[in-house]
Amino acid sequence: MSRGLVTGLVLAAVLAVLPFVWPGYHLSLLTIIFYWIGLAACWNLMCGYTGYIDFGSAAYTGVGAYVAGILMIRLHLPLAVSILAAGMGAALVALAVGWPTLRLRGAYFAIATFALAEALKQVAEEWASLTEGGIGMTFTIRLDEMTYYWLYLGLSGLVVGLTWWIEHHKHGYGLKAIHEDEEAAAQVGVGTHVLKIKTYALTAFFIGILGSLEANRLGYFKPDDVFDVHITIKMVIMSLLGGMGTVIGPVFGASFLQIIEDILGAEFINYYLVIVGVIIVVVIMFMPNGVARTILLRFKKPAGAEK
Amino acid sequence: MSLLTADSVSKNFGALNALKGVGLSLESGQVLGVIGPNGSGKTTLFNVITGVYKADGGKVTFEGRRITGMATHEICRLGLVKTSQIAKPFARMTVLENVFVGGLYGRGLSLTRAREDAYEILEMVGLADVVHQPSGSINVAMRRRLELARALACGPKVILLDENMAGLTPAEIDGALELLHGINKNGVSLVVVEHVMQAVMGISEYVIVLDYGEKIAEGTPDEVVNNRRVIEAYLGEEYA
Amino acid sequence: MLFIQALTNGILLGGIYALYSAGFSLIFGVMGVVNIAHGEMIMLGAFTTYWLFEILRLDPFTTLPFSLFGLFVLGYLLQRFVINRVVDAPPIMSYIMTFGIHLVLANVALLAWTADPRTITTSYSGANFKLMGITIPYIKLITFLISLAVVGGLYWLLHHSRTGRAIQATAQDRRMARLMGINVRQIYAVTFGLGAGITGMAGSLVASFRHVEPAMGLPYTITAFCVVVLGGMGYIPGALIGGLILGVIGSVSTMVFTSGWSTAITFFLLFLMLLFRPAGITGRGIVE
């Protein structure tokens with residue numbers, strides 16, 4: 001326990017000073033990697049642990065971006081306040097959507113969220129008097145590049161740490177029980193509906209914050225960017241590659257995919273989604289536990305009875 | 001005052017009247033048997049009592065409090081816990097963790113207390129040797145015990161056992177009955193649904209008989225086995 | 001008058017909604033699979049018609065058998081060799097899998113056919129007649145009638161053919177069906193093929209009056225989901241009811257607001273349904 005803590009602190013310190021040693025281009029790659037670790041970890045915390053699949057997480061990056069955008073650009077509120085409000089706005093939307101859908105079969109949740117992101121995108125397009133519609137919004141106040149890196153590092157660390165904490169505490173056992181058998185979980189006293197909603201709103205909160213920060217970092221955004229279904233796709237595949245329902249899975253998945261994307265570059269984007277789709281299908285067919293975990297399990301098979 | 005009462009409870013699934021105004025009452029410390037042929041509504045009755053299904057009519061009270069319409073997990077926390085007919089362990093969790101969840105949520109214990117409690121319960125039901133195994137890997141008889149252990153971890157006043165002995169060998173049934181006697185001695189009241197007559201008759205002080213969603217008889221085990229309607233409806237088919 | 005026109009448009013549109021939602025409902029009802037790649041079946045059906053029209057000059061309506069057959073085969077193979085691998089796994093596996101299939105189909109189509117929207121223009125495109133002051137385009141009317149006929153045909157098939165009854169038995173109780181000697185995996189493949197086939201036909205019909213492009217699928221998937229929730233998930237006649245209601249709501253709200261708002265309104269309706277009546281207006285949907 002304390003050794004784990006020391007390792008964690010050392011790791012955090014190393015990562016925090018990394019940009020000084022390795023500035024320039026690498027800073028933006030590292031920044032973007034931690035951004036995606038944060039997003040994938042949020043997705044994994046809800047979907048990997050409960051087994052309810054959210055296909056519309058981009059709704060929350062979008063809501064976050066627009067809440068922050070409107071508050072900062074139109075109302076001239078400070079950045080910190082706007083970002084926090086962005087998280088809360090996303091959490092509120094998640095509560096509203098989670099309440100009716102998380103009582104039903106996972107199928108309803110999967111597609112309702114899928115539809116949600118699209119519907120919100122349309123609203124952002126149409127409600128031009130508030131959102132500038134398809135023209136998009138431009139931030140005038142931004143932070144320095146290094147700050148974004150530290151914020152993403154901190155946020156992704158926080159979400160991963162939170163996942164670890166939940167995994168080892170009451171909530172984690174409740175979530176896992178829900179994943180295994182919801183009816184049986186209720187029979188032993190797990191308030192399944194509320195537990196799912198809480199978790200969902202919590203992750204939406206962080207996605208909203210990350211989404212608003214990223215929109216701010218890029219300086220300009222429009223509905224197509226922040227409600228982009230590919231944001232959700234990446235969150236799904238990063239969790240899937242790393243192993244759903246594990247603390248460290250999204251860290252591996254997000255780093256791996258983001259680095260690959262960086263190496264292959266923009267040329268590749270057309271083929272990218274095809275390949276991502278094929279990977280999803282193949283992973284589900286042959287390695288439903290995630291690539292990282294499947295490989296790990298193969299290594300330690302003899303002792304592998306504990307998890 | 002009775003600990004648990006169900007008063008003319010009914011439940012329909014579309015055109016099928018699965019329960020037509022069934023009542024029961026359980027005194028503190030009692031063991032009540034519920035028997036009836038397949039499809040007579042026993043499992044439905046349990047599901048209505050524990051809030052898995054919403055009743056279409058009638059009411060259920062527990063310790064004098066109306067619990068109709070409450071959610072399953074709330075009812076569990078009050079101390080009324082059900083085990084399922086098809087044992088449903090959380091397969092990828094260990095045997096210990098399965099029971100542990102019951103303590104955490106059903107009784108609201110701390111992590112440490114819930115763990116100690118889970119060890120104790122597993123010791124009592126005879127699963128001490130397999131505590132760290134994934135619960136998906138243990139055999140049927142053990143799963144039945146795990147189901148019971150998980151219910152016990154919730155700190156119940158009443159356990160509803162839905163065919164907890166189905167598919168067990170006679171020797172295993174004897175073991176299970178002994179365990180149930182012990183649990184009952186510790187002050188937990190039981191409602192036992194069984195298809196296996198021998199199992200219910202051996203343990204129940206009072207028995208109700210369901211057929212096609214209706215209560216057709218009730219009484220002590222002796223009275224019930226000699227009841228003509230029961231013989232026709234239930235034993236008749238088996239002994240024909 | 002404008003309102004009655006919008007109502008008529010909505011009903012005509014509702015027919016095709018019903019058709020492309022019926023397949024979605026069927027697949028969910030029988031296998032519990034949510035087909036995220038549903039819209040891509042429509043897209044492929046539409047392209048089938050487009051290319052047959054473009055190259056062989058076949059009339060769009062005569063291409064229906066081709067899209068039915070082509071998509072049936074695709075659906076059959078997908079279920080047989082891909083999705084069947086996860087039918088015994090938790091249902092989420094199938095959602096993620098069809099999500100992957102959605103990505104593959106949409107983006108392969110994009111690579112093969114570019115993002116350009118295409119249109120089919122026939123001699124009778126845009127032709128219409130007036131009935132008591134209401135404009136009725138021929139294409140929409142024919143589309144509507146064909147849609148009703150196909151949904152009716154599907155219903156008949158499920159209730160009166162041997163295969164249909166096997167499908168229904170499998171939907172009700174998979175283990176029981178297996179004991180009765182039904183080859184469940186085969187039935188699943190046929191069901192998926194059937195669902196994809198009629199969805200492909202819907203795509204062909206759509207192609208006769210809408211743009212055809214690789215990215216067209218997604219909105220259709222979402223609409224299909226709304227239709228099916230309205231009518232009751234897994235209940236085929238519900239698709240008809242949901243389709244007509246949604247068609248009318250969409251058309252009227254487009255008249256009052258804009259089409260962008262109409263999507264948002266549709267979603268809001270879906271949300272209300274899930275909140276208050278998740279089993280659909282008919283109350284016969286599969287909920288838990």
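A salt bridge here is a side-chain nitrogen of Lys or Arg within 4 Å of a carboxyl oxygen of Asp or Glu. Keep that cut-off handy, because the salt-bridge counts below all rest on this rule. Also keep in mind that this is a predicted model.

Let's start inside chain B. In terms of contact, 18 residues of domain 1 of chain B meet 13 residues of domain 2 of chain B. Together the two domains bury about 1,300 Å², with 65% of that on carbon and sulfur atoms. On the domain 1 side, B:Pro156, B:Asn164 and B:Leu179 supply 39% of the area buried against domain 2, more than any other three residues.

How many salt bridges does the rule find across this domain interface? The count is 0. Polar contacts are there, though: 3 residue pairs, with both partners at pLDDT 80 or more. If you want to see which parts of domain 1 of chain B do the touching, look at α2 (72-78), β7 (158-162) and α6 (170-185) of chain B, the elements that give two or more residues to that side. The largest share comes from α6(B), with 6 residues. By type, the domain 1 side divides into 10 nonpolar, 4 polar and 4 charged residues.

Chain B also has an open sheet of 4 strands, in the order β2-β1-β4-β5, with antiparallel pairing. At its edges are β2 (16-26) and β5 (65-66) of chain B, each pairing on one side only. Strand β4 (residues 57-62) of chain B is joined to β5(B) by 2 bridges, and the two run antiparallel. To find that pairing on screen, go to B:Phe62, which stands opposite B:Arg65 in β5(B).

Now for the contact between chain B and chain A. Here 29 residues of chain B are in contact with 23 residues of chain A. The buried area is about 2,200 Å², and carbon and sulfur atoms give 60% of it. In chain B, the residues that lose the most area to chain A are B:Phe90, B:Arg92 and B:Tyr105, together 30% of what that side buries.

One of those residues comes back when you look at charges. Across the interface of chain B and chain A the rule finds 1 salt bridge. B:Arg92 forms a salt bridge with A:Glu180, and the closest N and O atoms are 3.0 Å apart; that pair qualifies because the rule asks for a nitrogen within 4 Å of a carboxyl oxygen. There are also 7 residue pairs in polar contact between chain B and chain A, both residues of each pair being at pLDDT 80 or more. On the chain B side, the elements giving two or more residues are α2, β6 (80-83), α3 (95-106), α4 (111-125) and α5 (140-153) of chain B. Of these, α3(B) gives the most, with 7 residues. The chain B side divides into 13 nonpolar, 8 polar and 8 charged residues.

Which pair of chains shares the most contacts? Of the 2 pairs of chains in contact, that is chains A and C. Between them, 44 residues of chain A are in contact with 42 residues of chain C, and the area buried is about 4,000 Å². Carbon and sulfur atoms give 83% of that area. On chain A, A:Arg105, A:Tyr108 and A:Ile111 supply 17% of the area buried against chain C, more than any other three residues.

The rule finds 0 salt bridges between chain A and chain C, and 1 residue pair is in polar contact, both residues at pLDDT 80 or more. Elements of chain A that each supply at least two residues to the side touching chain C are α4 (79-101), α5 (106-126), α12 (229-242) and α14 (269-286). The largest share, 14 residues, comes from α5(A). In all, that side of chain A divides into 33 nonpolar, 7 polar and 4 charged residues.

That leaves chains B and C, which do not touch; their nearest C-alpha atoms are 10 Å apart. Before you leave chain C, have a look at its hairpin, formed by β1(C) and β2(C) with 2 residues between them. In the turn, C:Met132 has a positive phi of about 50°. The strands, β1 (residues 128-131) and β2 (residues 134-137) of chain C, run antiparallel and are joined by 4 bridges. Among the bridge partners are C:Asn128 and C:Pro137, the latter in β2(C).

Technical notes: Residues numbered from 1 in each chain as written. Chains lettered and ligands numbered in written order. Predicted model: local features only at pLDDT ≥ 70, side-chain atom pairs only at ≥ 80, totals over all residues. Heavy atoms only, no water. Contact = heavy atoms within 4.5 Å. Buried area = accessible area lost by both parts, 1.4 Å probe. Polar contact = N/O pair within 3.5 Å; in protein donor to acceptor, adjacent residues only side chain to side chain. Nonpolar A, V, L, I, M, F, W, Y, C, P; charged D, E, K, R; others polar. Pairing = 2+ DSSP bridges.
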